[in-house]
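User: I am new to this structure. Please walk me through it in short steps.

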Amino acid sequence: MTQNQPIGNEATTQLTEEGVDALARAAAHATKEAPARASLISDRAAKIKQSAVRDVFEISMQPGLISLAGGNPYLQSLPLAELGQSAARIISERGLEALQYGGGQGTEELRQQICMVMAEEGITDADPANVVITAGSQSAQDVAAKVFTNPGDVVLVEDPTYVGALNAFEAYQVDVVSVQVDDDGIVPAALQATIDSLTAAGRTIKLLYTIPNFNNPSGVTLAPERRQEVVDIARAANILVLEDNPYGLLKFDGDLPRPLRADNPDDVLYLGSLSKIFAPGLRIGWALVPAHLKQTFYLANEAVTLCPPTFNQLFASAYLREYDWRGQVATYRALYQRRCEALLDALREFMPSEVSWTSPAGGFFVWVTLPEGIDTYPLLYQGIDAGVVFVPGAAFTTTPGPSRHLRLAFSAATEETIYEGVRRLAPVLANAIAAL
Ligand code: PMP
């Protein structure tokens with residue numbers, strides 16, 4: 001193992017839980033271990049991927065390692081001192097409310113403010129009565145799978161897609177089926193063909209889960225001219241669209257893409273989150289549910305959490321009421337744009353010509369593609385030896401077997417760190433290509 005010098009004063013070694021999950025999924029492609037006391041484990045839980053990822057996690061904590069793995073937002077740019085005062089005020093002035101159980105759907109004030117946030121993106125008709133606050137949008141994915149799927153049903157996803165959603169869906173014993181995407185997102189004709197063949201085989205398709213803006217992990221955005229067609233195809237097949245849009249406000253420049261939900265209130269269940277535009281530790285996400293489905297979704301969510309965390313909701317409301325949250329989003333957009341450019345510049349400078357990558361218009365991630373025949377999972381260990389960690393592509397797909405892709409996150413590291421991380425990664429990939 002080589003010794004690497006720390007870069008700047010950044011916490012470069014942290015992996016998010018999501019990063020750990022992703023590594024776990026990737027590792028599960030490589031190892032198949034029988035769980036201890038397997039007879040106790042439900043069929044449902046046995047579907048959740050587990051593996052030797054903790055070993056990798058331990059290794060990845062070594063000082064000086066650069067993590068381009070986790071999708072952490074850069075919280076250092078938040079007004080922490082003022083937020084501290086705001087938190088203290090909530091406890092001293094409204095402590096009995098803040099520390100008490102609250103309504104299962106979330107506070108009225110926050111649900112109204114969430115409608116204001118969604119209006120920024122073009123959803124102008126949202127009724128707070130149809131907003132359900134969830135423990136991050138991660139738990140909304142779980143609730144959606146619980147409410148809408150039976151074991152054996154099909155959930156359609158993009159390939160690649162968000163690892164946390166795959167884990168959430170698969171725990172409900174559904175068949176997660178990938179739909180072809182290209183540089184403009186879901187290919188409508190391919191979506192139609194997939195639906196046709198599954199329907200002909202007698203399968204029941206319940207959900208189309210899509211991340212239309214700056215997909216995690218690919219960075220790809222669904223082209224505006226495809227958006228309505230995708231919803232129309234789903235509607236005609238009686239499939240509910242689950243639109244997951246945590247990065248939508250983080251477009252680097254220009255007009256924001258119009259959410260699928262904006263023009264399709266009855267056909268799209270929209271998931272949003274404060275995690276990327278404010279802070280993920282609060283675990284505040286939401287679902288904007290079609291009116292006719294709201295009650296079932298709400299009751300299922302209540303069965304999981306009773307109520308969303310009251311203090312966190314009051315704190316989030318204070319932030320949205322008292323701070324220039326739009327200015328903060330603008331700060332994030334500019335910051336992530338610079339970091340993305342630093343990553344793309346470094347890739348251009350260091351990567352072998354056989355390697356290609358996406359150029360996202362927003363969000364946190366770039367998706368790197370290597371030549372056919374390369375498996376990026378073992379390269380993870382070589383990367384760690386070289387002082388850089390990424391997430392192998394196998395984490396983000398239902399396609400079994402090796403993946404020739406990997407995900408790089410530019411959100412959490414400084415430009416200098418990103419540059420150094422790519423400089424370290426390039427020889428690892430070059431060696432793998434030379435060995436083909
Ligand atoms: N969806 C996507 C596409 C994500 O990338 C993430 C977090 N990485 C989530 C959902 C979960 O976000 P939250 O913190 O709101 O649970």
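Analyst: Start with a term: buried means under 20% relative accessible area, exposed means over 50%, and partly exposed lies in between (1.4 Å probe, protein chains only). This is a predicted model, where local features need pLDDT of at least 70, side-chain atom pairs count only at pLDDT 80 or more, and totals for chains, interfaces and linings use all residues. Residues are numbered from 1 along each chain as its sequence is written, and side-chain values use heavy atoms, with hydrogens and water left out.

User: Is Gln 313 buried or exposed?

Analyst: Gln 313 sits in helix α11, residues 310–322. Helices (H or I, at least four residues) and strands (E, at least two) are DSSP runs, numbered from the N terminus. The relative accessibility of Gln 313 is 1%, so this residue counts as buried.

User: How far apart in space are Gln 313 and Ile 284, C-alpha to C-alpha?

Analyst: In sequence, 29 residues separate Gln 313 and Ile 284. In space, C-alpha to C-alpha, the distance is 7.4 Å.

User: Which helix gives the largest share of the shell around the ligand?

Analyst: The ligand is surrounded by 15 residues, the closest being Ser 137, Asp 244, Tyr 247, Ser 273 and Ser 275. A residue is near a molecule if one of its heavy atoms lies within 4 Å of it. Four residues of the shell, the largest share, come from helix α6 (residues 136–148).

User: How much of the ligand does the protein bury?

Analyst: Look at the contacts, using pairs of N or O atoms within 3.5 Å. A ligand nitrogen is 2.5 Å from an N or O atom in the side chain of Asp 244, and a ligand oxygen is 2.7 Å from an N or O atom in the side chain of Arg 283. Taken alone, the ligand exposes 400 Å² (Shrake-Rupley method, 1.4 Å probe). Of that area, the protein buries 96%.

User: What is the phi of Arg 283, and where does this residue lie?

Analyst: Arg 283 is partly exposed, at 34% relative accessibility. Its phi is positive, about 55°, although Arg 283 is not a glycine. The residue lies in the loop between β9 (268–273) and β10 (284–288).

User: Which residue does a cis peptide bond join to Asp 159?

Analyst: The omega of this bond is about 10°.

User: Which backbone oxygen lies 2.6 Å from a polar atom of the Thr 376 side chain?

Analyst: Thr 376 belongs to helix α13, residues 376–386. It is buried, with a relative accessible area of 0%. A polar atom of its side chain lies 3.5 Å from the backbone nitrogen of Gly 393. At 2.6 Å from a polar side-chain atom of Thr 376 lies the backbone oxygen of His 405.

Technical notes. Polar contact = N/O pair within 3.5 Å; in protein donor to acceptor, adjacent residues only side chain to side chain.
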